Amino acid sequence: MVDWNQQATFDAQYREAIRRKIGLRGYHRRAPAHYHWCEQQFRCDQMMTRQLAQPGWASVQQVAVIGAGFGWTAEFLAAAGIEAIPVDLSDYIANNWNVSEEAELRAAMDADPVLLADGYGPGNNFFDVADCFWDLSTGQAISGAAVWAKVLHPAGGRTTIPPEIADLSTSQGRNAVKNRFTGKKFDAVVSELVLGGHDIGDTAGPLDFVASMDSLAGPPSITRLHFVEQDVTDTETQNARSLNDWGLLLAANGFGTHYLSDTQGNWLRADQAVA
Ligand SMILES: C[S@@+](CC[C@H](N)C(=O)[O-])C[C@H]1O[C@@H](n2cnc3c(N)ncnc32)[C@H](O)[C@@H]1O
């Protein structure tokens, strides 16, 4: 199992993602491959469009998104007028948030013989754009330049919002997050796919993380919301816990006021006190 709390493991996942995503058909939608803008722009767009239709967001002004990766969810929140700060502890994110993916993707294409066997040429284009982009049908004619335009983040780097590189499990990290906000105030702390869930026996890690989130957020009036993967029946994400399972776990451990929301837009308060 991948321990997302281990920085080294996590950074390795990012690097592995590049090889798997463009090297093996069908693998690009699996969890390790989901750290590229070309994959995640659609998930983030769908997820945040559904989220922002949920009750509560209208009053939210400042949000810390913890475990935000490159911060695309934070970007969607920012586009809705919310001051959203992405927070992550990864060195890879610290070193690459303002760097284009193009050289990295081209180098991976050049280096991987599987790509050549599948029709790539070194330094060239994608063999089947429909494998990479959910909004294109197979065989749709699209030029190399247009593919690259869809693959790469429009702003040139990976995100437009500088991430706060901080470990939420330390008070130093939590203070760094607080200091990013004007007046050190925020309304909501959101975790994004940090709780894991690939192993039903793993409760200590998620609960530690949730406790850190509580100690960052302070007053109970500040919303705590966890985005989790969509469904235990989804064999691609291979989740062990449903939304309800997460609710029961959190409520049983004193985190009943936390909200949980999946990528499909279903949500619940852990203690079910609010329907
Ligand atoms: C499964 S990834 C999700 C990344 C991103 N939110 C996304 O959806 O693509 C979990 C993220 O949480 C970060 N993370 C784990 N523990 C953390 C902690 N204690 N403080 C800050 N970030 C943490 C990891 O570095 C990783 O980027």
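**Chatting through the sheet and its core**

Me: Hi! Let's start with strand 2, residues 83–88: is it mostly covered or open?
Reply: Mostly covered: five of the six residues in strand 2 are buried. Bear in mind that this is a predicted model.

Me: Noted. How many bridges join strand 1 to strand 2, and do they run parallel or antiparallel?
Reply: Strand 1, residues 62–66, runs parallel to strand 2, and five bridges join them.

Me: Nice. What about strand 2 and strand 3, how many bridges there?
Reply: Two bridges, again in a parallel pairing, with strand 3 being residues 164–165. Asp88 has Ile165 of strand 3 as its bridge partner.

Me: Zooming out, what order do the strands take in the sheet?
Reply: The order is 3-2-1-4-5-6-7, in an open sheet of seven strands with mixed pairing. Strand 3 and strand 7 (267–269) are the edge strands, each pairing on one side only.

Me: Remind me, what holds paired strands together in general?
Reply: Strands of a sheet pair through backbone hydrogen bonds, in either a parallel or an antiparallel way.

Me: Which sense does the pairing of strand 4 and strand 5 have?
Reply: Parallel, over five bridges between strand 4 (residues 188–192) and strand 5 (residues 223–228). Glu192 is partnered there by Phe227 of strand 5.

Me: Switching topic: how many residues does the largest nonpolar core have?
Reply: It has 46 residues, and Val63, Val65, Ile66 and Val189 have the most contacts inside it. Helix 10, residues 204–217, gives the most to this core, with five residues.

Me: Which residues does Val63 touch, leaving out those up to four places away in sequence?
Reply: Val63 touches Leu77, Ile82, Ala84, Phe186, Asp187, Ala188 and Val190.

Me: Last bit, the whole chain. How many helices and strands are there, and what share of residues is buried?
Reply: The chain has eleven helices and seven strands, and 35% of its 275 residues count as buried.

Me: And for contacts between residues at least 6 apart in sequence, what share joins residues at least 24 apart?
Reply: That share is 61%.

Technical notes: Residues are numbered from 1 along each chain as its sequence is written. This is a predicted model: local features need pLDDT of at least 70, side-chain atom pairs count only at pLDDT 80 or more; totals for chains, interfaces and linings use all residues. A residue is buried if 20 or more other C-beta atoms lie within 10 Å of its own, exposed if 12 or fewer, and partly exposed in between; C-beta atoms are placed from the backbone. Helices (H or I, at least four residues) and strands (E, at least two) are DSSP runs, numbered from the N terminus. Two strands pair if DSSP finds at least two bridges between them. Two residues are in contact if their C-beta atoms, placed from the backbone, lie within 7 Å. A nonpolar core is a set of buried Ala, Val, Leu, Ile, Met, Phe, Trp, Tyr and Cys residues joined through C-beta atoms within 7 Å.
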